[in-house]
Amino acid sequence: MLSHKSPLRLILLLSAVMFLMTSLAACNFRPLHGKNPHGTTTHEDLSRIYVPEVETRISQLVRNNLLSDLSAQTAPGAASYELQFDVNESKTDALVQNSSEVTLVNYTLRVKYRLFDLRTKRIINNGESFSVISYDRGASEFGNVRAEQNVQKRAAKAVSTDLRTRIGAFFATN
């Protein structure tokens, strides 16, 4: 058995530390909010994104959350990038009673995005994000409308947070 002050234990401990340090150095680990290869921070890059006006209410909810999450530009003049996105929402009945009454609905919000470099007019990053949130339906029509509005706001926030993370990770590594 190894004692507390055993030289073998010290050598094993130092070997383990050296192995972990070498492994982390080899995997190109970089903090998301540190400087990227171009010398800017992810926050600086995110704040130079312009998010254009959109038409539908759910698109407006996503855009407003993106403006807040990204600290983005509201006018294209000061921006280096433009984020365009398409929104698709759907509802599916998740729980139907014997009386054919729907009591639980799954709301799905999908957003496909494209990030353009305004200097080159080329897509530099694209992808898709989605959120699925369930809500209860009851006898009150007003309550059902409010529940759906609430779930739309929650889904828009979840998708915009995911987009911020995806785009931030892109900027951190490129």
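## Basis of the model

The model is predicted: local features need pLDDT of at least 70, side-chain atom pairs count only at pLDDT 80 or more, and totals for chains, interfaces and linings use all residues. Residues are numbered from 1 along each chain as its sequence is written, and side-chain values use heavy atoms, with hydrogens and water left out.

## Overall layout

The chain has four helices and four strands. Helices (H or I, at least four residues) and strands (E, at least two) are DSSP runs, numbered from the N terminus. Along the sequence, the pattern reads α-α-β-α-β-β-β-α.

The chain holds 174 residues, and 34% of them count as buried. Buried means under 20% relative accessible area, exposed over 50%, and partly exposed in between (1.4 Å probe, protein chains only). A contact means heavy atoms within 4.5 Å. Among contacts in the chain with a separation of 6 or more, 61% come from residues 24 or more positions apart.

## Helix 3 against helix 4

Helix 3 covers residues 57-70. Helix 4 covers residues 141-173. The two pack at an angle of about 45°, with axes 8 Å apart. Axes are lines fitted to C-alpha atoms, for helices over the stretch in contact, and angles run from 0 to 180 degrees between N-to-C directions. Helix 3 and helix 4 are therefore oblique to each other. Angles under 35 degrees count as roughly parallel, over 145 as roughly antiparallel, 65 to 115 as roughly perpendicular and the rest as oblique.

On the helix 3 side, the contact includes Ile58, Leu61 and Leu70. On the helix 4 side, it includes Gln152, Ala156 and Arg164. The residues of this contact divide into seven nonpolar, four polar and four charged. Here Ala, Val, Leu, Ile, Met, Phe, Trp, Tyr, Cys and Pro count as nonpolar, Asp, Glu, Lys and Arg as charged, and the others, Gly among them, as polar.

Serine 160 lies in helix 4. Serine 160 counts as buried because its relative accessibility is 0%. Beyond residues up to four places away in sequence, serine 160 touches Val62, Asn65, Leu66 and Asp69. Leucine 70 is 90 residues from serine 160 in sequence, yet their C-alpha atoms are 9.0 Å apart.

## The nonpolar core

A nonpolar core is a set of buried Ala, Val, Leu, Ile, Met, Phe, Trp, Tyr and Cys residues joined through side-chain atoms within 4.5 Å. The largest one has 30 residues, and Ile49, Leu83 and Leu109 touch the most other members. Helix 3, strand 2 (81-96), strand 3 (102-117), strand 4 (122-136) and helix 4 each give two or more residues to this core. Helix 4 gives the most, with eight.

Glutamate 53 sits in the loop between strand 1 (49-50) and helix 3. Its relative accessibility is 65%, so glutamate 53 counts as exposed. Glutamine 84 is 31 residues away along the chain, with 9.5 Å between the C-alpha atoms.

Alanine 79 lies in the loop between helix 3 and strand 2. At 13% relative accessibility, alanine 79 counts as buried. Its C-alpha atom is 9.8 Å from that of arginine 119, 40 residues apart along the chain.

Lysine 121 belongs to the loop between strand 3 and strand 4. Lysine 121 is exposed, at 62% relative accessibility. Its phi is near 60°, a positive value in a residue other than glycine.
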